[in-house]
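Hi,

Here is the structure we talked about. Please have a look, then read my notes below.

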Amino acid sequence: MSESQPKVYILHENLDWTRHLVTWLQQKQIPYELWDLSSGHIDLQSVPPEGIFYNRMSASAHTRGHRFAPEFAQQVLQWLENNQRVVLNGSRAIDLEISKVKQYLALNKAGIKTPRTVAVLGKDNLVQAAQEFNVYPLITKHNRAGKGAGVHLFNNDQELEEYVASADFEEPVDGITLLQEYIRPIDGRIRRSEFIGQKFLYTVSIDSSQGFELCPADECQLPNTAESKFKIIDPLSSQQQADYERFLHANGLDVAAVEWVEDQNHQKFVYDVNTNTNYNEQAETSAHIFAHEHLANYLGHLLNETTQVVSY
């Protein structure tokens, strides 16, 4: 058993997406350690250190040259859970992070509406699958995605067929492309509701008129834009909040973003659940609310609880 001081351990593969949290942890004097899972090894017979473990592994790791980081993270999380460590966004969370198919099935099981979707293995079957699906406009997206990977809008079979046959076709990393009915936002904006500790924090409204790259991190901002496309808005309705929190609890998602869209008939559809959630600094500064501060407080509280139990 390790005798080192219990800490918050952050499992990640991209330092740019942890630096804001680190700033708050340092400011609040919460002990922490970064575990970069883009490489490494684990001794299966070893015992993990005392503390709490927050998983921030991203489905888009392969876009940064870390193709197998999520697979390695799955093994590390299982090792931690087998040793009864407190793990936030554990094995179930990473399963949903790297598979939109699993996300949609879990959402539907919870009674939450998602866009009609078909999962297609292989490039050769896409056009025929779309013809059988017969829903336009539709979008393609990657089953394991992030950062808008593979997301394109098509109005008919011909447009899709030309894309599939072109050099622009983006091969999904797991071979699975989704065909999904396009839900046109009633006001041209989609919503991303943030949850920490499975509790609602805020909703950010995102202008989708410039495309499907909707990552809220500072590094994803479009250049040369005078106004941020991200704005923090009013809270969710009580029923919507309760539904999402129930879904997060049922699936072991401790820190997550639920992305949803409202159509012309005021129906709401969830199209993504992001367990490697990022926050937009410009929108938070305007609204005077900082999710990383809330997250640091949450991690610090859990660390104190865990330390007291271990000491007892």
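Buried here means under 20% relative accessible area; exposed is over 50%, and partly exposed is in between (1.4 Å probe, protein chains only). By that cut-off, Phe195 and Tyr244 are both buried.

Two cautions. This is a predicted model: local features need pLDDT of at least 70, side-chain atom pairs count only at pLDDT 80 or more, and totals for chains, interfaces and linings use all residues. Residues are numbered from 1 along each chain as its sequence is written, and side-chain values use heavy atoms, with hydrogens and water left out.

Overall fold:
- Of the 312 residues in the chain, 52% count as buried.
- The C-alpha trace spans about 65 × 45 × 40 Å along its principal axes.
- Among contacts (heavy atoms within 4.5 Å) with a separation of 6 or more, 71% come from residues 24 or more positions apart.

Aromatic rings:
- There are 8 aromatic pairs in the structure. Rings of Phe, Tyr and Trp (its six-membered ring) pair if their centres lie within 6.5 Å; planes under 30 degrees apart are stacked, over 60 edge-to-face, the rest tilted.
- Phe154 and Tyr163 make a tilted pair, 5.3 Å centre to centre with 40° between the planes. Both Phe154 and Tyr163 are buried.
- Phe195 and Tyr244 pair edge-to-face, at 6.4 Å centre to centre and 75° between the planes. This pair links distant parts of the chain: Phe195 sits in strand β9 (residues 189–196) and Tyr244 in helix α7 (residues 238–250), 49 residues apart. Helices (H or I, at least four residues) and strands (E, at least two) are DSSP runs, numbered from the N terminus.
- Tyr9, Trp35 and Phe53 are joined into a cluster by ring pairs.

Best wishes
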